[in-house]
Amino acid sequence: MKYIELNEIDSTNAYISEKLSAGEITEPTTVYTASQTKGKGMGQNIWVSNDNQNALFSIALFTEIKTEEIFKVSLATSMAIFEFLKIKGIKTKIKWPNDIYYEGKKLGGILIENKLDGNMVKASIIGVGINLNQEKFPKWLPNPISLKNITGETYDIKDFVIEISERVEKKLNEIKDIPFADLRLDYLLNLYKFGEIAIWKIQGIKDEISGSIVDVKPSGKIVVQAVSGQLCECEVKQIKLVDD
Ligand code: BTN
């Protein structure tokens with residue numbers, strides 16, 4: 001893995017995306033920064049972080065995965081982070097599709113953007129934000145938490161970036177050729193609210209429903225079974241956990 005350190009950038013994902021399109025990144029590369037001026041979150045969200053306090057990085061990997069199994073990139077990333085934190089004694093959960101949660105609070109987020117070629121994922125930009133040393137967050141953020149909030153310790157940002165980047169690359173190589181059916185249970189068992197009844201808002205359905213996560217598909221769709229027995233297979237944009 002090659003490492004590029006930047007003092008400040010709009011977004012490490014955007015930086016890698018431009019360099020990939022220009023053919024300037026041709027090998028596995030991690031770009032990390034002390035400060036993002038326009039950090040991107042999932043959907044329309046922004047990612048906010050104090051300067052010099054948190055892990056803000058993106059990994060460019062040349063994935064060569066079929067688009068129908070695109071969720072393997074997400075799964076490898078969230079599982080690699082989950083496993084690393086577990087070794088450090090921090091028991092997290094993955095909130096579908098790939099947030100890192102600690103006791104119901106958001107410790108980290110992942111934003112994956114893929115470069116496709118036909119039915120193949122040619123390159124993945126795996127953006128990771130993990131709250132390490134920041135102790136206070138803006139009031140409007142729903143439920144943030146940092147490692148320092150959890151343990152009281154101060155963390156070395158660069159060590160984190162390197163360790164996670166290496167682990168994500170290794171994990172993706174390991175699982176790339178394993179059938180998704182053989183990977184899903186390990187992911188599901190570490191998923192926030194898996195097998196628990198929760199309240200969901202599903203696009204196009206007026207009332208909120210009670211139901212539980214029962215499966216995840218290779219595309220990344222989640223399968224929620226309502227208490228009525230009805231099954232809903234949903235994409236990220238279509239479903240939201242209420243009161244999480
Ligand atoms: C989310 O939970 O909404 C995803 C957040 C991803 C944030 C990281 S920070 C480093 C990288 N660069 C970005 O602009 N976003 C990702």
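**Exercise 1. State which secondary structure the protein contains and why it counts as compact.**

Solution. The predicted model holds 5 helices and 13 strands, taken as DSSP runs numbered from the N terminus (helices: H or I, at least four residues; strands: E, at least two). The radius of gyration, 18 Å, is close to the 18 Å that the globule rule gives for 244 residues, so the protein is as compact as a globular protein of that length. The radius is taken over C-alpha atoms, and the rule is 2.2 Å times the number of residues to the power 0.38.

The model is predicted: local features need pLDDT of at least 70, side-chain atom pairs count only at pLDDT 80 or more, and totals for chains, interfaces and linings use all residues. Residues are numbered from 1 along each chain as its sequence is written.

**Exercise 2. Identify the domains and describe the side of domain 1 that touches domain 2.**

Solution. An automatic or database domain assignment supplies the bounds: domain 1 covers 2-189 and domain 2 covers 198-241. Their C-alpha centres lie 24 Å apart. Next, 11 residues of domain 1 are in contact with 7 residues of domain 2 (C-beta atoms, placed from the backbone, within 7 Å). On the domain 1 side, α2 (71-87) and α5 (184-189) each supply at least two residues, and α5 gives the largest share, 3 residues. Finally, this side divides into 7 nonpolar, 1 polar and 3 charged residues. Here Ala, Val, Leu, Ile, Met, Phe, Trp, Tyr, Cys and Pro count as nonpolar, Asp, Glu, Lys and Arg as charged, and the others, Gly among them, as polar.

Conventions:
Contact = placed C-beta atoms within 7 Å.
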